[in-house]
Amino acid sequence: MNQVNLVAAWGLAVLLAIGACGGGTASKETIDIGADMSNIPSFDMAVRDGAGFAVEQARSVRGFPLRFVPYDDSVQGAYSADQGVENVQRMVADPRMLGMVGPLRGPVGRAVMPIANRAMLAMISPTITEPCLTRPLDRCALMLNSQPAFLRPTGRNNYFHLAATDQLHGPAMAEFAYNSLGLRRIAILAEADPFGTFASDNFAAAFTKAGGNVVARQDFDLTAGATPDFRPWLLKAKAAGAEAIYAGGLFEYALAPRVQSHGIFDPTSYYLGIDGLPDLFKYGISDESITDGDAMLNDHIYASRGIGAPYLNSRAANTIAAFVKTNPDPVENNSDAFAGYDSAAILIDAIGRAIDANGGKMPGRQQVVDQLSKMTNFSGLTGTYTFTASGDPTTSTLQILQFRAGAWTPITNITVAS
């Protein structure tokens with residue numbers, strides 16, 4: 001069991017003890033805000049510290065002291081749905097726990113949602129993008145116990161999320177390609193399975209609706225461990241007049257077509273992808289040699305990411321600067337950290353309104369969920385949030401990143417209706 005208590009992790013200064021809050025708060029009971037994410041040095045830690053920073057800044061709500069209680073859902077260096085279950089059971093058993101930030105991944109979310117739902121513990125995930133948690137899509141039938149009704153045994157909703165779900169990446173990039181890049185003819189490739197084609201299907205629909213043309217498309221049957229030869233298809237796409245390639249579901253092979261297009265497409269052609277694409281620049285391109293393709297790895301490569309970039313929000317500047325002072329590691333200073341911040345801030349706001357609705361007294365969990373359901377135009381650092389009855393944002397903000405001088409730079413935020 002891997003419980004990470006903030007007392008041990010960050011010390012009493014972050015714990016926000018009752019006596020330190022001042023202003024008459026010592027007579028009121030402390031409210032706990034939980035979190036479920038791993039301690040793996042990755043985006044998990046950034047999200048955790050962003051959420052903790054929001055609680056630290058607030059210190060109290062309507063005179064009730066706040067305490068951030070994060071739990072670690074990793075086992076032997078990997079996230080664990082079973083550990084997530086144990087963590088959420090502990091949160092449910094804490095009578096002061098009025099809500100939680102997380103989980104961060106779909107498999108953990110599917111495992112813990114029924115537990116939190118029976119207790120009506122409010123859940124706000126900063127990063128889960130799986131639409132099956134909120135919508136009964138056809139593709140969800142392929143995933144065991146993933147239908148929204150199964151995940152909500154009470155028939156009521158207590159799960160909310162900030163990140164854009166998978167089907168919104170395509171429309172966001174289609175809008176950017178058509179309106180900002182001025183592209184009209186695009187070729188699309190993806191992995192030939194229901195999940196790999198999802199982003200590409202939605203990109204094609206949105207780009208065509210905007211007035212563009214999909215001039216070539218192929219879904220590839222990929223075999224793990226062998227980089228496919230995309231060149232024959234790239235030659236066809238070029239002959240069809242493609243100005244750009246959209247790769248919306250190749251996963252670990254997502255950058256290989258760009259490299260292999262050397263000598264087929266001009267380096268000034270465009271290459272567009274989803275949020276897994278930037279990771280490939282960090283970890284390599286499978287077994288693909290990039291020696292002959294270096295000229296193609298340029299500033300004509302773009303990717304979408306399912307959370308808005310706070311760095312493009314002028315209102316976020318002071319909060320970002322304050323966070324960086326206490327978390328100077330560049331790994332911490334990213335959009336995921338501020339998605340964690342926004343999730344905790346939204347939860348604190350809902351708790352405050354629940355206290356008001358309860359006559360200034362400690363609210364119950366259902367009252368907090370009720371206020372989240374009524375959330376309207378919460379102005380966060382990563383976007384503006386209003387939730388639907390199923391827990392989706394009514395609009396989602398995605399960022400478009402450009403590969404510039406060896407680094408990924410957010411250049412614009414695009415808002416898409418959910």
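First, the ground rules. This is a predicted model, in which local features need pLDDT of at least 70 and side-chain atom pairs count only at pLDDT 80 or more, while totals for chains, interfaces and linings use all residues. Residues are numbered from 1 along each chain as its sequence is written, and side-chain values use heavy atoms, with hydrogens and water left out.

Let's start with helix α4 (residues 43–58) and helix α14 (residues 335–357), whose axes come within 7 Å and cross at roughly 40 degrees. Helices here are DSSP runs of H or I with at least four residues, strands are runs of E with at least two, and both are numbered from the N terminus. Axes are lines fitted to C-alpha atoms, for helices over the stretch in contact, and the angles run from 0 to 180 degrees between N-to-C directions. The crossing of α4 over α14 is right-handed, a label used if the near helix is turned clockwise from the far one by less than a right angle, with anticlockwise being left-handed. On the α4 side, the contact (heavy atoms within 4.5 Å) includes F43, A46, V47, G50 and F53; on the α14 side, Y341, A344 and I348 are among the residues involved. By class, the residues of this contact split into 13 nonpolar, three polar and one charged. For that count, Ala, Val, Leu, Ile, Met, Phe, Trp, Tyr, Cys and Pro are nonpolar, Asp, Glu, Lys and Arg are charged, and the others, Gly among them, are polar.

Helix α4 also packs on helix α13 (residues 317–326), at about 110 degrees and with the axes 11 Å apart, so this pair is roughly perpendicular. Here D49, G50, F53 and Q57 of α4 meet T319, A322, F323 and T326 of α13.

From α14 the contact draws on residues including I346, L347 and R353, and from α15 on Q367, V368, Q371 and L372. Eight of the contact residues are nonpolar, two polar and one charged.

Now for the sheet. Six strands line up as β2-β3-β1-β6-β7-β8 in an open sheet with mixed pairing, where two strands pair if DSSP finds at least two bridges between them. β2 (60–61) and β8 (159–161) are at the edges with a single partner strand each, so one side of each has no neighbour in the sheet. Further in, β1 (residues 31–37) and β6 (residues 97–101) run parallel and are joined by four bridges; I33 has G99 of β6 as its bridge partner.

Finally, look at strand β10 (residues 213–220), where V214 sits. V214 is partly exposed because its relative accessibility is 30% (buried is under 20%, exposed over 50%, partly exposed in between, with a 1.4 Å probe and protein chains only). Beyond its neighbours within four places in sequence, V214 contacts I186, I188, A204, F207 and T208. Q218 also lies in β10, and its contacts, not counting residues up to four places away, are I188, L189, A190 and W233.

Conventions: Parallel < 35°, antiparallel > 145°, perpendicular 65-115°, else oblique.
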